[in-house]
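Hi there,

Here is the structure I promised to pass on. Please have it open while you read my notes below.

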Amino acid sequence: MAKESFFKRFPWVLHLLLMLGVSVVVLVLVFTFIKIYARQGQEYALPDVVGKNIAELQADNPIELDVVVMDSIFRPGQEGGLILTQDPKAGTMVKKGRKLYITMTAYTPEDAVLPELAGLTVRQAVSELMAEGLEVGTLKFVEDPYKNIIVDQTCKGKTVYAGQQIERGSVIDLVVGIGDSTGQSVVPFAIGKTRDKVRRDIVSVSLNVGREHFNGVKHRETAVVFRQEPDYTGVTKYPYGTEVELWYIDADKTDVQKMISEFKVDSSKIEDPNFINDGRPTPEEIDENDMWSW
């Protein structure tokens, strides 16, 4: 009598091997599909598109980026469709079809409504104007019994009034009362801040933005301040309307956090050495929108 085969004697072993084999095949197919679907190993360095026109990006988009416009801002004198910011940043490794979030210049100006500014402090007026998409230009101080209060506002040299329709992005100059004596303010800490942020901070404390230097800067919208004059001391006060001169550098060419943390006050610019601090902003100068925390 012929001897029975092993699998006939133990059929459960055959069933187990068949199940293992099927499982291995299924797993191989699943992982192969995932690898193809996720394009593993096919990553590309995200190009720097800031400064380009969105039409150029759409015409030359080799990694099939899905461009999502988050906001458009009208900038007088600038062409529409110019990319101002991008997220993720240039150099980030991404796969084809990655969403790219951008802000760009608007093709046509939108109208904004000039808010009621009379009677507000400079800081309040700056917040109101920025909320409407308007820019603050120069502060002009005049004799008035109310100190640091808005007396009038002009655009391109002409008086404008609350409720008036104005192109979004227009620059509004403010006429401010000086009160019964010359007001003074501490120059804010400008190092590491972008142009929009530092301009807001300077004007909010009743000082003016002076000359701005962009030597060698590629992207003005994202450039940060690396030098200011007068320097920040945290205690030295200057008369209202004092101009603060600023020097910028491209943010991707410097370690912004390191530049901020290593900043030191020049003690020779402080009259009373007992007031020397470590060069960091006071709590009053820091708000929740700052790009760093101390």
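Predicted model: local features only at pLDDT ≥ 70, side-chain atom pairs only at ≥ 80, totals over all residues.

Residues are numbered from 1 along each chain as its sequence is written, and side-chain values use heavy atoms, with hydrogens and water left out.

Let's start with helix α5, residues 195-204 (helices are DSSP runs of H or I, at least four residues, and strands are runs of E, at least two, numbered from the N terminus). Eight of the ten residues in α5 are buried (under 20% relative accessible area, with a 1.4 Å probe and protein chains only). The buried residues pack against α4, β7, β13, β14 and β16 (contact means heavy atoms within 4.5 Å).

S204 belongs to this helix and counts as buried because its relative accessibility is 9%. A polar atom of the S204 side chain lies 2.7 Å from the backbone oxygen of R200. Beyond its neighbours within four places in sequence, S204 touches V122, R123 and V126. Just after α5, S206 has a positive phi of about 70°.

Now for the sheet: four strands form an open sheet in the order β7-β11-β8-β9, with mixed pairing (two strands pair if DSSP finds at least two bridges between them). β7 and β9 each have a single partner strand, so one side of each lacks a neighbour in the sheet. Strands β8 and β11 pair in the antiparallel sense over four bridges.

Conventions
Buried < 20%, exposed > 50% of the residue type's maximum accessible area, 1.4 Å probe, protein only. Polar contact = N/O pair within 3.5 Å; in protein donor to acceptor, adjacent residues only side chain to side chain.
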